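Hello,

Here is the structure I promised to hand over. Please look through it before reading my notes.

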Amino acid sequence: MNTKIILLLALAANGAAIAAETEVSDSDRIAQYREMISDGNPADFDEMRGEELWKTAAGPKMATLEKCDLGKGAGVVKGAYAELPRFFKDTGRVQDLESRLLTCMSTLQGLNTEEITAQPFATEKKPSDISSLTTYVTGQSKGIKMAVSVKHPKEKEAYEIGRRIFNYRAGPYDFACSTCHGASNQRIRMQDLPNLKVQKDAQGAYISWPAYRVSQGLTRSFQWRLNDCFRQQRFPEPKFASEATVDLTMYLAVSANGAAFAGPGLKR
Amino acid sequence: MNAKWMIGTALTASLATLVLPVQAVESKLDAKTIEIVKRDFQDKGIAKADRVNQDALQALCSKYGNKPPLELKHKIEKQQQAAIKWPADDKYMGDWKAGEKLAQSGRGMTWSDKAEDPAGGNCYNCHQLSAKEIAYGTIGPSLLHFGVKQGNDLDSQRYVYGRLYNAKADNACNNMPRFGHMKILTEAQIKDLVALLLDPESPVNK
């Protein structure tokens, strides 16, 4: 273990303590924290873990994921995330990163995707392979401009359905995404809410995930972000990497087009 | 048949062929959205999959981006108003202290809440209420000094009770949950919140 890693681990532990304090000055503390780790982010560990998983033979077929086609050709990881979700000819579907990873894990490695989707998110006790893989792949688009296409009719349809899901009110509170993210300069308690209907906010929100969450001590993916917002929306749970989540991601990703991808990021 | 009239009909006809397919595509997408949503959500804890099924109001507000045609809006507001269950004892004010506790709590109805956990009112998530609480949200209007402005006679009490029971009876597509109508809070809890808003002793009115 080198000194940089030890330093980061110490900072991660410190971060958990920071998060336990008041909510009010979160943004100050985040700024402090960011400064402290200016040459690294605890998400780096998850990224390294994901890279290892990508390059290690696994599953009944004992294959690596290095031949996985994320849309830019078999094995091309660099810049792939900046163009996802997209339509894939081989599956005939629009897929986001996670649903595409599931395809590769199933076809290349012979893994059972139902087992993967049953427990898709990391917990304090157990890391998640698909989440770490996501951190790795997104990291390979850092600095690259988001350029998600809606040229294919299926892509256009996914975008249109995603927009509808964003505005879909239901559940005991009558909430939709737009209830909390449809107007500017609003907050819940002290938490600022991005207005995901305006480009600037949508870009800022989308390009900063996955993120290491200081308050949770875990690196979280965009699929996780959607999952937890559906929880706050008092909805039932969206099935992992389902069409509903892919379409919603399509809507948000297209709104982020033009901005340079900045993840894996760091959040309170 | 004069030339002007002919151009008019031709224009109308071509407009119709333009508009109709757009509408057809839109409603096909609406239908497909509902199909996908019904398929892609699952039970988790107390949040069962059937929560994605919309009632008439939710469907109307979603369809029209929260701005339904006035006629439909008024019709559904009347229905919501008629479904309010008023307290049998004609009393509307409970205990503002219990109300403040409810207002502070953001718990309830998520899949990480337990059925037996007491639900909160979530009020401070969206509104300023007591001047002492500075961690308030801004999705709804400030309610600081609400009772001072509103007065607390029986009409005001009834108005506020109804508003908390079903905020959509006044304005079909506003953001506020229907606390009574959707059985989020009990009659007694709503009365405690009425007191928080209207009681002269409540910190909201200090």
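This is a predicted model: local features need pLDDT of at least 70, side-chain atom pairs count only at pLDDT 80 or more; totals for chains, interfaces and linings use all residues.

Residues are numbered from 1 along each chain as its sequence is written, chains are lettered from A and ligands numbered from 1 in the order in which they are written, and side-chain values use heavy atoms, with hydrogens and water left out.

The largest nonpolar core has 63 residues. (A nonpolar core is a set of buried Ala, Val, Leu, Ile, Met, Phe, Trp, Tyr and Cys residues joined through side-chain atoms within 4.5 Å; buried means under 20% relative accessible area, exposed over 50%, partly exposed in between, with a 1.4 Å probe and protein chains only.) H11(A) gives the largest share of this core, eight residues. Another core, of 30 residues, lies apart from it and includes Leu143(B) and Phe146(B).

Asn185(A) counts as exposed because its relative accessibility is 75%. Between Asn185(A) and Lys89(A) there are 41 Å, C-alpha to C-alpha.

Now chain B. It has eight helices and one strand (DSSP runs, numbered from the N terminus: helices are H or I, at least four residues; strands are E, at least two). Of its 206 residues, 42% count as buried. Its C-alpha atoms fill a box of roughly 75 × 45 × 35 Å, taken along the principal axes.

Best wishes
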